[in-house]
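Please read it alongside the sequence and the structure shown here.

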Amino acid sequence: MTLPAAPDSTPALRAATDLWKPVLVRAAVALVFGAVTVFWASPSVAGMGWAGGLYLLATGVVLIRTVTKSGYGPQERAGRILSAGAAALVGAGAAVALIPSSPVFGTIAAVGLGAAGAGELLAGILGRGRSVLARDWIASGVIGLGTAIALPFFIGLGPHALLGVAGGGAIISGVLWTLSGLTLRHDARGDSAEAVN
């Protein structure tokens, strides 16, 4: 059995081995929401509020879980930025679910997605060379900001259009996070096999 090169590599290996789990959960949340928006032909305003609210809420909770697993401490700038973006998503999700209307969805969901997207973009830039998720956070941040910018323009078109825009962004980010999670899982499996040998 080969010992790890550095004494700190074993805890880092354990953290990396677990990181793929919240990433794949986030991907599943996004893809399920995206599928709902694709196949729901005529959603009601209340249905739009609950579906969108639960999506934002779940994404925020999973993002908080990902931040804790990624190795960013609460004192680190990138960790604080991501946590603030996740908190904005959770708050937006609760507001959208409890106050179902097209203007609320179009503005509050846009604010939540925009805050989270800006946080991920900034954390990705700050985390370059430090975090395996830096590139994914940059891409996800751009997707979130794009969705946030587009949402207010569809308020007048009703629930189906609003869910379509939010669902489109969710599908794109869901595919991104699926690829990221599977890559992390593959890399963690390979690293753990090397550590055992």
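The second largest cavity of this predicted model is lined by Phe33, Gly52, Tyr55, Leu56, Phe105, Ala109, Leu113, Leu151 and Ala166, where a cavity is a set of points, on a 1 Å grid over the protein atoms alone, at which a 1.4 Å probe fits but cannot get out, and lining residues have an atom within 4 Å of a point. Helices H2 and H4 each give two or more residues to this lining, helices being DSSP runs (H or I, at least four residues) numbered from the N terminus.

The structure holds 2 cavities of 30 Å³ or more, and the table sets out their volumes (the space filled by probe spheres set on the points, which are joined across faces, edges and corners) and their linings by class (Ala, Val, Leu, Ile, Met, Phe, Trp, Tyr, Cys and Pro nonpolar; Asp, Glu, Lys and Arg charged; the others, Gly among them, polar).

| Cavity | Volume | Lining residues by class |
|---|---|---|
| Largest | about 170 Å³ | 8 nonpolar, 7 polar, 2 charged |

Of the 17 residues lining the largest cavity, Arg26, Tyr55, Leu113, Gly144 and Ser173 lie nearest its centre.

Residues are numbered from 1 along each chain as its sequence is written. Local features need pLDDT of at least 70 and side-chain atom pairs 80 or more, while totals for chains, interfaces and linings use all residues, and side-chain values use heavy atoms, with hydrogens and water left out.

Conventions
1 Å grid on protein atoms, 1.4 Å probe; cavity = no way out; pocket = protein on both sides within 12 Å on 5 of 7 lines; lining within 4 Å.
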